[in-house]
Amino acid sequence: MPAVQFNRVTKRYPDGFQALHEASFAVAAGEFAFLTGHSGAGKTTALRLIPAIERATSGTVLVHGQNVAALRPAAIPYLRRSLGLLFQDQKLLHDRNVLENVLLPLAICGEPPREAARRARAALDKVGLRERERAMPITLSGGEQQRLCIARAVVARPSLLVADEPTANLDSEAAAGVMEIFRSFNQVGVTVLVATHDAALVERFGSHAVRLDHGRIVTGPGTRAAA
Amino acid sequence: MRAWLRHHAQCLGATLRRLVRAPVASGLNVLAIGVAAALPLGGWVLLGNAQHLAGEAHVDPQLSVFLAREATRADAARVEAALAGAPGVRRHRFVPKEEALADLQRAEGLREILATLGSNPLPDALVADLAPGEPDAAQRLAAELRKLPNVAIVQFDALWLQRLDAALRLGAMAVGVLAALLGIGMVAVTFNTIRQQILTQQGEIEVSRLIGATDAFVRRPFLYQGAVTGLAGGLVALGIVAAALYALNGEVGRLSATYASDFRLALPPAADLAALLGFASALGWAGAYLSVSSHFHKSLR
């Protein structure tokens, strides 16, 4: 069963703009996949359909075989807890320190405080921020902030990691560091779907890619569309 | 279940810490609610005291049936039977004319006047204590008794009773209206306080919802804040009213002493006060609930 499957998904916004046109693709469980395309191609819209932040106008989005559109509103939080989400604008809490940011998903899941602290520190350790757990996010570099976002996304042990332009504001070294962290999680079985406009990054990490152009899936060398 | 309870405890702790961290803003909110709540609470307390005073002053209405001078014990027994079967009659007693005369003779200055009459001018009588608040039933009973043989006079001060009853009802209604207005005001104040709190925590709320927080999880800390604010406002109102009663009781004591009474204004029983504080807390909770629901309605799911 694919981790993510889009079947002829169209997304039209109330102002008439059509971000996706009957897009179909799949990401297999355990895969490290890219969603590529120029700015405005529909990558962010596609990623926002996965945790039901947006709803498709037509077509179906399946996450681990579950039709997202068929979920009751009360079930959506539980879908989101099964995902690790990295947002383009990071969405870090700047009035909380590094450790507290990572603790948030565990608090939401009802993890006991002591166990939550242990797991949050372990996640920070994996992304190399263990020594900065008391720092405020604003004092971190761009790369460190992105690694903090990764720690927050993975701390609740999701089976699918969805990242929207995680290297957009990073230099090539920091971007490579972030991608290496993704690869390490992928190697232990986490499905990773990364949206990026950086073709060089896709080439370097050599994973399968689904390319979007003006909301349509484009197939070609190095890309793959699957229904 | 344990996680749920843990989150409740964390929310309560966070609410109390937030109140302590911003003492001026929190204090002013609580004071605004407390002062507003003090008005109907004070009215309610005064009304309760007035009802208590009326009870102490034997406000329970009495109905007196004076028999004709030629009336027999059988006539008195007939009236007694009518009183015994009537609804709203708490108790009744027969007052023989000899007892009435003896009572009168004990009154200062009347002994000499009665001595000049030669014979007992007083009739046998029956006195009934009626349940308060039922002037119509009392009037119907008086009309029935007047129809009995050898009943000379049935005395019942219906107008006085009706006026007292109406005044107490009016007071209760005024307090009710004031309390309803306060309730709306309290919900509005809490709504606004929580709305401001939501605005300062908008980022946290958005992130929490995006990573899987349920509406209940997001709502819970705000509900605690509303409930605690309402409870604190209720306590302030209670303090204001208690202080006002303390200040008034000196003069009330002097006034009641002139009526040979030791009456003092008092707070309602502890159970009533606890219910009142619970109600204030519930209003705060309701304001917070509406505020968070309004935010949810406007924001993404």
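Which residue lies over the face of Tyr289(B), and at what distance from the ring centre? I looked it up: Arg219(B) does, at 4.2 Å. I note that this is a predicted model.

**Entry: aromatic rings**

I stayed with Tyr289(B). Its ring and that of Trp285(B) have centres 5.4 Å apart and planes at 20°. Planes under 30 degrees apart count as stacked, so I logged this pair as stacked. Both residues belong to helix 10 (residues 270-298) of chain B. They are 4 residues apart there, so about one helical turn separates them. I then checked accessibility. Tyr289(B) is partly exposed at 34% relative accessible area. Trp285(B) is partly exposed too, at 39%.

I asked where the two sit in the chain. Phe6(A) is in strand 1 (residues 4-12) of chain A, and Phe25(A) is in strand 2 (residues 18-27) of chain A. They are 19 residues apart, and the pair links distant parts of the chain. Are these two buried or exposed? Phe6(A) is buried at 0% relative accessibility. Phe25(A) is buried at 1%.

I also looked for a charge over a ring in chain A. Lys11(A) lies over the face of Tyr13(A), 5.0 Å from the ring centre.

**Entry: the open sheet in chain A**

I traced the strand order next. An open sheet of 6 strands runs 6-7-8-3-9-10 in chain A, with mixed pairing. Which strands stand at the edges? They are strand 6 (83-86) and strand 10 (216-218). Each has a single partner strand, so one side of each has no neighbour in the sheet. The twist from one strand to the next averages 20°.

I went through the pairings around strand 3. Strand 3 (residues 32-36) pairs with strand 8 (residues 191-196) of chain A in the parallel sense, over 5 bridges. Ala33(A) stands opposite Leu193(A) in strand 8. Strand 3 also pairs in the parallel sense with strand 9 (residues 208-213) of chain A, over 4 bridges. There, Leu35(A) has Val210(A) as its bridge partner.

Strand 9 and strand 10 of chain A are antiparallel, over 3 bridges. Asp213(A) stands opposite Arg216(A) in strand 10. I logged the two strands as a hairpin with 2 residues between them. In the turn, His214(A) has a positive phi of about 50°.

**Entry: helices across the sheet**

Helix 5 (residues 142-154) lies across strand 6 and strand 7 (160-164), at about 160° to strand 6. Helix 6 (residues 172-187) lies across strand 3, strand 6, strand 7 and strand 8. It runs at about 135° to strand 3.

I tested the length of helix 6 of chain A. At 1.5 Å a residue, its 16 residues should span 22 Å. The end C-alpha atoms are 22 Å apart, which agrees. I listed the buried residues of helix 6, among them Val178(A), Met179(A), Ile181(A), Phe182(A) and Phe185(A). Asn186(A) is also buried. Just after the helix, Gly189(A) takes a positive phi of about 105°.

Terms used
Residues are numbered from 1 along each chain as its sequence is written. Chains are lettered from A and ligands numbered from 1 in the order in which they are written. This is a predicted model: local features need pLDDT of at least 70, side-chain atom pairs count only at pLDDT 80 or more; totals for chains, interfaces and linings use all residues. Side-chain values use heavy atoms; hydrogens and water are left out. Buried means under 20% relative accessible area, exposed over 50%, partly exposed in between (1.4 Å probe, protein chains only). Rings of Phe, Tyr and Trp (its six-membered ring) pair if their centres lie within 6.5 Å; planes under 30 degrees apart count as stacked, over 60 as edge-to-face and the rest as tilted. A charge sits over a ring if NZ of Lys or CZ of Arg is within 6 Å of the ring centre and within 35 degrees of the ring normal. Two strands pair if DSSP finds at least two bridges between them. Axes are lines fitted to C-alpha atoms, for helices over the stretch in contact, and angles run from 0 to 180 degrees between N-to-C directions. Contact means heavy atoms within 4.5 Å. The expected span of a helix is 1.5 Å times one less than its number of residues.
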